[in-house]
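Here is a short report on a structure with several chains. Look over the sequence and the model first, then read on.

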Amino acid sequence: MKYGYFPGCSLKGTGRAYEESLLPVMQHLGIEMRELDDWSCCGATAYMAVDEGKACALAARNLAIAEQEGHAQLMAPCSACYLVLNKTQHYMAEYGAMKRLVDKALGSVNLRVTRPTPVRHPLDVLLNDVGLEAVKQKVTHPLKGLKVAPYYGCQIVRPYSTFDDQADPQTMDRLLESLGATVVDWPLKTKCCGGSLTGTLPKAGLRLAYILLKEARKRGADVIATVCPLCQFNLDGYHDKIAARWEPVRIPTVYFSQLMGLAFGLPAGRLGLQRGFVPMKPLAAVTAA
Amino acid sequence: MAKQEQEVRIGFYVCHCGTNIAAMVDCPEVAQFVGTLPGVVLSKDYKYMCSDPGQELIQQDIREHRLNRVVVASCSPLLHEPTFRSATEKGGLNQFYFHMVNIREHDSWVHTDRAEATSKAKALAQAAVHRVAHHKPLETKRVSINPTTLVVGAGIAGIHAAMTIANSGKKVILVEREPTIGGHMAKFDKTFPTLDCAACILTPKMSDVGSHENIQVLSYSEVTKVDGFVGNYTVTVKRKPRYIDEEACIGCQDCIPACVFKQPKFADEFNEGLGKRRPVYIPFPQATPQIVAIDPNTCLNFKKGEDGGRVVSDKCKKTCVEACGDKNAIDFTQVERIEEYEVGSVIVATGFQTFDARRAPAYGYGRFPNVYTSLEIERLVNASGPTGGHVVMRDGKSEPRSVGIIHCVGSRDKKTNVWCSRVCCMYSMKLAHLLKEHTGAEIYNFYIDVRTPGKGYEEFYNKLLDEGVHFIRGRVGEVTDWAMTPDEEGKLVIRVEDTLAGYVRRIPVDMVVLATGLEPQQDAQDVRRMFNMSCGSEGFFLERHPKLAPVNTFNDGIYIAGACQGPKDIPDTVAQAGAAAAEVLALIDKGFVEQEPNTAFILEDECSGCKSCIPLCPYTAILFDEGKGRAYINEALCKGCGTCVGSCPSGSIVQNLFDDEEIFSEIEGVLAYE
Amino acid sequence: MSKEWKPRLVAFFCNWCTYTAADLAGVSRLKYAPNVRVIRLMCSGRIDPQFILEALTKGADGVLIGGCHPNDCHYVEGNYKMLRRFQLLKRMLGDMGIEPERVRLEWISAAEGEKVRRVVNEMTEQIANLGPLGMPGRFAEWDREVESLAAQIEAREGGGCGCGSSGAETAEKEVAHV
């Protein structure tokens with residue numbers, strides 16, 4: 001299985017632990033990921049709100065490169081990239097004006113989008129292309145006794161529900177179960193993590209992060225597993241502020257790919273686990289407790 | 001060339017249909033153009049051709065101008081062809097000297113450019129003028145009507161239709177796939193807006209049906225095949241084995257408590273799984289017929305067979321058989337029986353299914369025990385329900401002190417079903433009233449719009465407001481067990497944007513009721529195929545015309561009634577069932593139908609005897625005369641599709657009303673105008 | 001064809017599904033291209049390939065056939081019979097140099113008014129891109145060719161020769177037959 005790989009800015013910066021864990025895990029499963037040459041910003045967050053046309057043109061540039069490099073499918077692990085790339089394809093198919101605008105912009109740099117390259121999320125690939133049986137076969141260190149709260153965030157299921165249910169997504173639940181972990185059933189799987197409000201309007205943003213952390217602890221989770229660099233950052237990075245404002249709700253937030261790496265027996269030091277502010281306890285400690 | 005004996009004199013009429021046609025098609029211009037075509041003696045435009053004066057105009061012109069062909073350009077022939085044929089006949093011509101042009105549905109209503117629409121109308125009119133010159137006089141064939149009627153589905157619609165027909169002295173065969181008749185209505189407690197008890201209305205009707213000398217009830221049976229045509233259908237019915245001899249069972253029900261299962265153990269379908277039953281059971285006390293059934297999936301006397309079905313194991317002590325004694329009604333050797341019935345017309349009243357609440361996962365049905373569907377609540381508030389009308393939650397003891405009723409679950413939603421299910425607002429309010437009456441709980445209704453279009457319905461809504469039931473306007477986002485405050489602990493929290501108050505609210509409740517919408521039955525498509533009907537895009541059976549033929553289908557002799565045609569409440573269902581019964585009685589009383597003479601025949605002199613047409617006919621209407629070495633068509637069996645005509649290599653088969661001459665001239669005519 | 005050329009489509013719709021669907025499109029006031037002219041038949045099974053050829057010959061730029069979905073035919077299987085003939089005809093049209101897009105078969109149920117709109121619009125656009133088929137013009141041209149050929153032969157052989165004139169006659173007859 002081969003996929004073009006669009007890392008986006010986060011996986012090279014604040015979310016580098018995601019890339020550090022995802023690449024070896026995928027390689028371990030025999031999946032080839034080739035990073036796009038000269039990729040650019042996906043057009044996410046503020047850009048989309050300010051000027052949809054330019055945001056789409058940016059996203060489409062990456063789609064054009066993927067097509068040019070001959071990738072049949074493109075993997076976008078960051079939720080924001082995943083959404084914007086999908087949205088751009090949707091807009092181009094649906095709105096002639098947008099397609100013309102994007103075509104013109106790309107034309108000025110001799111690029112073209114001629115066909116929709118499917119943009120895939122790693123969870124989608126793992127469940128629907130690789131299959132849980134193949135994942136299970138690679139598990140050498142089952143996460144027995146580890147209680148994980150799967151946290152999907154908003155962007156991979158809304159507004160498009162391409163591979164999972166919008167209200168009650170299940171793919172990460174099934175994946176974590178196949179790693180031997182105990183999945184904590186909690187109702188906030190797709191609630192807002194605070195998004196960019198943690199930076200711009202901390203009073204509102206931090207409260208949202210606090211609600212999530214509190215509920216996960218209340219439901220007895222040892223760790224929150226996420227798919228999104230921004231979610232991970234918001235849930236992991238503001239514990240002092242949250243403690244000062246409300247109460248301490250310390251609980252680690254990691255990427256699902258890091259948990260996969262642990263279960264596959266890949267060296268813990270090479271999965272980016274050291275980068276979290278709230279460290280995840282060594283597995284043995286969890287299992288023993 | 002017999003038709004050339006007389007000169008062709010065509011009268012052409014173009015209808016304005018008020019402004020329906022005239023707004024987009026220049027009718028005087030069309031009339032003027034057609035008037036210049038050869039053979040056209042007069043050409044007129046008129047406001048409403050289908051009106052009495054319009055029809056009179058045709059008749060008068062036929063007489064005064066010695067017309068021998070008539071063409072009307074107006075709406076779809078599926079709507080008014082019979083009207084104009086009859087006017088033609090009244091004017092003294094054979095009705096098949098008429099042809100119709102559709103310039104409304106196929107032209108003025110679908111185009112936006114008046115010049116284009118007008119030239120299309122001219123082209124279509126010219127085609128008809130060319131075609132009609134080749135028309136021949138034909139006679140309709142009379143087919144007698146078998147006076148027995150089949151009613152499929154014995155809910156309130158089927159029951160009412162069957163009773164109406166049977167009371168006029170005609171025989172009815174009423175088929176129901178469940179072990180008892182009664183349908184959904186039998187499960188309801190009260191009916192809105194009068195709050196009279198559903199059982200008090202329905203059960204007397206059920207027993208009347210059961211004992212009516214003109215009604216044969218085939219319960220636990222399904223129609224599997226329908227052959228024939230209006231007036232004479234042969235219907236195949238599968239009688240599922242209930243392992244009870246229906247003649248011998250007297251309905252004493254002694255076998256039920258005698259069952260080896262001392263306690264009822266299996267989910268009771270009639271009570272929506274809220275109660276339990278034994279393998280030998282009667283769905284509910286007033287079930288009709290009063291005959292028990294044995295469920296082979298749970299009865300110990302059955303085991304899994306090799307093909308996955310159930311076969312008799314004879315492993316049980318059969319205490320039920322002992323209890324039955326010399327009545328000997330229990331018969332484990334029963335197998336499925338196939339029976340055939342001859343009927344003249346059919347009423348399809350197969351009802352609806354409710355939306356599966358699991359398809360709206362945000363509302364937590366199946367995840368949170370105290371989220372209920374509305375049908376479950378119907379059973380819970382019902383005095384003959386699993387709790388005897390005592391409203392308790394899934395733990396079996398605690399009463400809810402607050403209940404949230406969520407409207408439009410699986411209705412008015414692009415993600416599931418887009419249509420309004422019409423009954424949910426009213427039944428939600430009815431359940432709100434009943435729940436409040438039974439428990440005194442605080443009741444919250446969450447609605448998008450409250451829709452109360454029915455007699456006494458708005459008044460019922462006002463009554464509920466007076467009773468202090470809360471109405472919150474907003475589509476519920478989710479039902480969750482996520483508590484943010486101590487009073488939310490242990491409750492179900494309904495999160496909703498209150499669009500009147502203008503903010504997002506969290507309402508903690510003990511019990512949530514989902515007002516699930518109405519959908520077509522799972523097997524509606526199979527039923528549609530079997531009876532040769534059509535379905536609308538949402539899957540409900542399609543009526544022939546919403547206003548002019550609301551209970552007819554496109555297949556003559558097949559009628560529809562009740563919620564299988566679209567969501568509707570009990571009053572509307574009963575009214576429609578009565579209408580369908582009236583259509584059937586009209587057909588029976590007339591005694592015959594005139595069949596469209598569009599059958600095919602073979603020109604003996606031209607047939608080469610190649611036999612290639614014979615296997616093409618699905619009705620085996622084509623036979624071979626070995627003596628003459630020619631094929632011939634049994635007209636009585638021919639349904640007039642024309643498939644043999646289209647494939648005859650020597651062109652020796654002719655279809656009346658659609659012969660080659662007529663069609664070729666229509667093709668030529670349609671292209672003659674630029 | 002003095003004015004600007006616009007595609008002309010002839011459609012053969014079965015009474016039970018596609019014709020009803022077109023009625024539904026009307027009742028729903030869906031708007032579509034005015035280029036199609038519908039001929040109603042009881043069943044798509046009635047459609048003789050000659051109808052399609054005749055329509056093209058008499059000036060249609062495309063022919064649309066509408067029948068019930070597989071399994072839904074009012075007459076059990078007329079639509080399958082049509083499908084078989086259609087496949088053969090398609091092959092033949094290819095040999096005649098007629099683009100395959102000019103003749104299209106669609107299953108459209110009574111509920112699919114929207115599909116009528118879509119298919120008619122799509123096909124109108126496709127045919128507009130292909131340009132006129134112009135069969136009547138081509139026939140006229142062939143007639144002229146045959147005539148001039150006959151004239152040449154006549155001139156060369158002095159008109160008295162039986163074989164020349166009979167050749168021309170045969171050609172004329174063929175033309176007339178078409």
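Two residues are in contact if their C-beta atoms, placed from the backbone, lie within 7 Å. Helices (H or I, at least four residues) and strands (E, at least two) are DSSP runs, numbered from the N terminus. This is a predicted model, in which local features need pLDDT of at least 70 and side-chain atom pairs count only at pLDDT 80 or more, while totals for chains, interfaces and linings use all residues. Residues are numbered from 1 along each chain as its sequence is written, and chains are lettered from A and ligands numbered from 1 in the order in which they are written.

**Chain B**

Chain B holds 16 helices and 36 strands. Its C-alpha atoms fill a box of roughly 90 × 70 × 45 Å along the principal axes. Of the 674 residues in chain B, 49% are buried (20 or more other C-beta atoms lie within 10 Å of the residue's own, with C-beta atoms placed from the backbone). Take the contacts in chain B between residues at least 6 apart in sequence: 69% of them join residues at least 24 apart.

| Domain of chain B | Residues |
|---|---|
| domain 1 | 10-138 + 667-672 |
| domain 2 | 149-240 + 337-348 |
| domain 3 | 255-327 |
| domain 4 | 353-519 |
| domain 5 | 600-656 |

The C-alpha centres of domain 1 and domain 2 of chain B are 44 Å apart.

Now for a sheet. In chain B, 4 strands make an open sheet with parallel pairing, in the order S2-S1-S3-S4. Two strands pair if DSSP finds at least two bridges between them. Strands S2 (40-46) and S4 (98-102) of chain B stand at the edges with a single partner strand each, so one side of each has no neighbour in the sheet. The twist averages 15° from one strand to the next. Strand S3 (residues 69-74) of chain B pairs with S4(B) over 5 bridges, in the parallel sense. Ser74(B) stands opposite Asn102(B) in S4(B).

Two helices lie across this part of chain B. Angles run from 0 to 180 degrees between N-to-C directions, and axes are lines fitted to C-alpha atoms, for helices over the stretch in contact. Helix H1 (residues 27-35) of chain B lies across S1 (10-15), S2 and S3 of chain B, at about 175° to S2(B). Helix H2 (residues 52-64) of chain B also lies across S1, S2 and S3 of chain B, at about 165° to S1(B).

**Between the chains**

Which chains have the most contacts among the 2 pairs that touch? They are chains B and C. Here 43 residues of chain C are in contact with 44 residues of chain B. H1(C) gives the largest share of the chain C side, 6 residues. That side divides into 22 nonpolar, 8 polar and 13 charged residues. Ala, Val, Leu, Ile, Met, Phe, Trp, Tyr, Cys and Pro count as nonpolar, Asp, Glu, Lys and Arg as charged, and the others, Gly among them, as polar. Chain A and chain C do not touch, and their nearest C-alpha atoms are 16 Å apart.

**Chain A**

Chain A is divided into domain 1 (2-120) and domain 2 (132-288). The centres of these domains of chain A, taken over C-alpha atoms, are 25 Å apart.

Notes
Domain bounds come from an automatic or database domain assignment. A residue is buried if 20 or more other C-beta atoms lie within 10 Å of its own, exposed if 12 or fewer, and partly exposed in between; C-beta atoms are placed from the backbone.
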